[in-house]
Amino acid sequence: MERSVLFFDIDGTILSEVTKTVPESAYSALRAAKEEGHLLFINTGRTVCSLPAEIRRFPFDGFLCGCGTYLMYGDEVLFERALTRERGREILDQMRKCSMSGLAEGREDVYFPGHITRFEQLESSRRYFREKGMGIECFIENGDFVYDKLFVYADEQSDKERFFAFIADDMEALDRGGNAYEVIQKGYSKATACQFIMERFGFTKKQAYVFGDSSNDLSMFQFAEHTVAMGHHDSVLDPYTEFVTKTVEEDGIAYAMAHYGLIRQCAR
């Protein structure tokens, strides 16, 4: 069996958004893949501080975080790039001036507004992170922190086009639907993370497999040859999808890995 490198999104791919757990079939398939000698990487928009415990419990070879801006192999940081403190503050100030709101995602914590906003999606995220003990010590208004990316929200009161124009030189906004935008550093993505690892360890595109479900997986689907979309996935991935597997809850990870012969049988 040829050694391969596998890149996995987290939410909706390995971690079920229905049960909030990783199916045992996925853990079993990941263990089988490691036994075959494949390298396994998480490739996520989450920053390293917000990797779920359910993901950390498995010995992945590395974690590629923040849409390509913080890359780890084992305990070694291979690459990192954050916004400067000054530029980060300018962007947050402009977000407020444009009547938008959001959270800043750093390596040590996530940062929310100090007040309750009118954006329910943002407040839902606040509740989620608060349950994890995050986003409660330092607020966006304090400003004394460095971050890698943003998740911002807009509505009819917002001047989002003005905000997007302001960030255009060094950031780009990925439309996540419902007036929610993942704002990442320009020139970095899940695709650049894949490319970095493949070049570092000498893998060709034929040896690489990516697994995802949402629009922020698009760059790595456009980059890779072997692309696996989960049973529930954003249609934006369809033109670049090689194989549609089952849903997370239906053992989709194990099913896809068995389909490609990456493991010897469909683990359950």
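A word on terms here: strands (E, at least two residues) and helices (H or I, at least four) are DSSP runs, numbered from the N terminus. Strands β9 and β10, the latter covering residues 180–185, run antiparallel and are joined by five bridges. Two strands pair if DSSP finds at least two bridges between them.

Before I go on, this is a predicted model: local features need pLDDT of at least 70, side-chain atom pairs count only at pLDDT 80 or more, and totals for chains, interfaces and linings use all residues. Residues are numbered from 1 along each chain as its sequence is written, and side-chain values use heavy atoms, with hydrogens and water left out.

Now, which sheet do these strands belong to? Five strands form an open sheet with antiparallel pairing, in the order β7-β6-β8-β10-β9. At the edges stand β7 (110–111) and β9 (171–175), each with a single partner strand, so one side of each has no neighbour in the sheet. Across β6 (101–105), β7, β8 (149–153) and β10 lies helix α4, residues 120–131, running at about 35 degrees to β6. For such angles, axes are lines fitted to C-alpha atoms, for helices over the stretch in contact, and the angles run from 0 to 180 degrees between N-to-C directions. Contact itself means heavy atoms within 4.5 Å.

Let's move to the other sheet. Here an open sheet of eight strands has mixed pairing and the order β5-β4-β3-β2-β1-β11-β12-β13. Its edge strands are β5 (76–80) and β13 (243–244), and each pairs on one side only. Helix α6, residues 190–201, packs on this sheet and touches β1, β2, β3, β4, β5 and β11 (208–212). The direction of α6 makes about 155 degrees with that of β2.

Please find β2 on your screen, residues 39–43. Is this strand buried or exposed? It is mostly covered, with five of its five residues buried. Buried means under 20% relative accessible area, exposed means over 50%, and partly exposed is in between (1.4 Å probe, protein chains only). Both faces of β2 are covered: L39, F41 and N43 are buried on one side, and L40 and I42 on the other.

What does β2 pair with? Strand β1 (residues 5–8) pairs with β2 in the parallel sense over four bridges, and F8 has I42 as its bridge partner in β2. Strand β3 (residues 62–65) also pairs with β2 in the parallel sense, over three bridges. In β3, I42 has F63 as its bridge partner.

Together, β1, helix α1 (residues 24–35) and β2 make a right-handed β-α-β unit. Right-handed means that, with the strands pointing away from the viewer, the path from the first strand over the helix to the second runs clockwise.

Next, helix α8, residues 252–259. Which of its residues are buried? They are G252, I253, A254, A256 and M257. Their cover includes β1, α1, β11, β12 (226–229) and β13. Just after α8, G261 takes a positive phi of about 75 degrees.

Last topic: charges. The structure holds 20 salt bridges, where a salt bridge is a side-chain nitrogen of Lys or Arg within 4 Å of a carboxyl oxygen of Asp or Glu. One of them joins R107 and E80, whose closest N and O atoms are 2.6 Å apart. R107 lies in the loop between β6 and β7 and E80 in strand β5, so this pair ties together parts that are 27 residues apart in sequence. R107 is partly exposed, at 22% relative accessible area, and E80 is partly exposed too, at 46%.

Another salt bridge links R176 with E182, at 2.7 Å between the closest N and O atoms. R176 is partly exposed at 30% relative accessibility, whereas E182 is buried at 2%.

Finally, K190 and D217 meet through their side chains in a salt bridge (2.6 Å, N to O). K190 lies in helix α6 and D217 in the loop between β11 and α7 (218–223), so the pair ties together parts that are 27 residues apart in sequence. K190 counts as buried at 1% relative accessibility, and D217 counts as buried at 0%.
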